[in-house]
Amino acid sequence: MIPQGETARVARFALVGLAATATHLSVAMFLNYASPLSAVLIHTLAYLTAFSVSFVGHYVYTFKSRRRWQQALRRFLAVSLAVLCLSSLIVKLCTVAGLASATSLLLAAFSVPALTYLLSRKLVF
């Protein structure tokens, strides 16, 4: 059974994650329809935009971290870059497989929250 405190933390993580995902998707879809950029570049730009929403939300709200924000930021950046590489690989593989850019971007955006939670919980905050 999951401890009550952990359940609340997972719920807070989900709320912050939804805000970051909405940011990611909004930027990605806008750039997908308004620019000639590749899906991988669009995904990267959208991911980086959502990064600040995610870090501040998780640092202050999800994990209520007592770690110095500079140290947490460095660690969160490392985790985020690893997740970016994984999700970018997903976008690349999907587009090579012939899926539409929008479909590839949606799959990548929703593919890695569990990994992000576990790494953030154990290594970052």
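**Helix packing and salt bridges**

I will start with a crossing: H3 passes H4 in a right-handed sense. Keep in mind throughout that this is a predicted model.

Two packed helices are described by the angle between their axes and the distance between the axes. For H3, residues 69–96, and H4, residues 101–109, the angle is about 150° and the axes are 9 Å apart. H3 and H4 are therefore roughly antiparallel to each other. On the H3 side, the residues that meet H4 are Ser87, Ile90, Val91, Cys94 and Thr95. Their counterparts in H4 are Ser104, Leu105, Leu107 and Ala108. Sorted by class, that contact of H3 with H4 has 6 nonpolar residues, 3 polar ones and no charged ones.

Next, H2 and H3. Helix H2 covers residues 39–62, and its axis comes within 10 Å of the axis of H3, with a crossing at roughly 150°. H2 and H3 are therefore roughly antiparallel to each other. Here too the crossing is described as right-handed, with H2 passing H3. The contact of H2 with H3 divides into 14 nonpolar, 8 polar and 1 charged residue.

The axes of H1 and H5 come within 11 Å and cross at roughly 125°. That angle makes H1 oblique to H5. The crossing of H1 and H5 is right-handed. From H1, the contact uses Glu6, Arg9, Val10 and Phe13. From H5, the contact uses Pro113, Thr116, Tyr117 and Arg121. By class, the contact of H1 with H5 has 4 nonpolar residues, 1 polar and 3 charged.

That brings me to the salt bridges. How many are there by the rule used here? The count comes to 2. In one of them, the side chains of glutamate 6 and arginine 9 meet, with an N to O distance of 2.5 Å. Glutamate 6 and arginine 9 are 3 residues apart in helix H1, residues 4–34, so about one helical turn separates them. Both glutamate 6 and arginine 9 are buried.

Glutamate 6 also forms a salt bridge with arginine 121, where the closest N and O atoms are 3.2 Å apart. Arginine 121 lies in helix H5, residues 113–124, and glutamate 6 in helix H1, so this pair ties together parts that are 115 residues apart in sequence.

Are the two partners buried or exposed? Glutamate 6 has a relative accessible area of 17%, which means that it counts as buried. Arginine 121 is at 32% relative accessibility, so it counts as partly exposed.

To recap the helix pairs: H3 with H4 is roughly antiparallel, H2 with H3 is roughly antiparallel, and H1 is oblique to H5. That is what I have; questions, please.

How values were computed
Residues are numbered from 1 along each chain as its sequence is written. This is a predicted model: local features need pLDDT of at least 70, side-chain atom pairs count only at pLDDT 80 or more; totals for chains, interfaces and linings use all residues. Side-chain values use heavy atoms; hydrogens and water are left out. Axes are lines fitted to C-alpha atoms, for helices over the stretch in contact, and angles run from 0 to 180 degrees between N-to-C directions. Helices (H or I, at least four residues) and strands (E, at least two) are DSSP runs, numbered from the N terminus. Angles under 35 degrees count as roughly parallel, over 145 as roughly antiparallel, 65 to 115 as roughly perpendicular and the rest as oblique. A crossing is left-handed if the near helix is turned anticlockwise from the far one by less than a right angle, and right-handed if clockwise. Contact means heavy atoms within 4.5 Å. Ala, Val, Leu, Ile, Met, Phe, Trp, Tyr, Cys and Pro count as nonpolar, Asp, Glu, Lys and Arg as charged, and the others, Gly among them, as polar. A salt bridge is a side-chain nitrogen of Lys or Arg within 4 Å of a carboxyl oxygen of Asp or Glu. Buried means under 20% relative accessible area, exposed over 50%, partly exposed in between (1.4 Å probe, protein chains only).
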